[in-house]
Amino acid sequence: IAFATEFDPQPMHVDKAAAEAGRFGGLIASGWHVCSRVMRQFVDEAYFGQTPLLGMNVDALWWVRPVRPGDTLTVRREIIEIRPSKSQP
């Protein structure tokens, strides 16, 4: 609710009564909050050591089901290509 209040203040994320009356039947997490948590995990895992990994684009992003408290999430990432920087090797 705190994240959504600041960044995605839609009723299904911040207003319990409105969310219960809405199409999801209760409060759900902001998809952007979920994305930010996934990004944090990606950075913390440091798959490439101390080399920063810049994502220049995202080809596909889906919110398949609403995320609710207590849910366990599975994330699938596929890195298609890595090109070292020519200006900052």
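The expected span of a helix is 1.5 Å times one less than its number of residues, and helices (H or I, at least four residues) are DSSP runs numbered from the N terminus. Everything shown here is a predicted model, in which local features need pLDDT of at least 70, side-chain atom pairs count only at pLDDT 80 or more, and totals for chains, interfaces and linings use all residues. Residues are numbered from 1 along each chain as its sequence is written, and side-chain values use heavy atoms, with hydrogens and water left out.

**View 1. Helix α4 from end to end.** With 15 residues, α4 reaches 21 Å from its first C-alpha to its last, close to the 21 Å expected at 1.5 Å a residue. Just after the helix, Ala46 takes a positive phi of about 45 degrees.

View 2. Gly31, Val34, Val38 and Phe42 are buried in α4 (under 20% relative accessible area; exposed is over 50% and partly exposed in between, with a 1.4 Å probe and protein chains only). Down the axis, the buried residues fall within an arc of 80 degrees, so they line one face of the helix (the arc is that of the directions from the helix axis to the C-beta atoms). Turned away from that side are the exposed Trp32, Arg37, Arg40 and Val43.

View 3. Phe3 is partly exposed at 22% relative accessibility, while Phe7 is exposed at 55%.

Technical notes: Helices (H or I, at least four residues) and strands (E, at least two) are DSSP runs, numbered from the N terminus.
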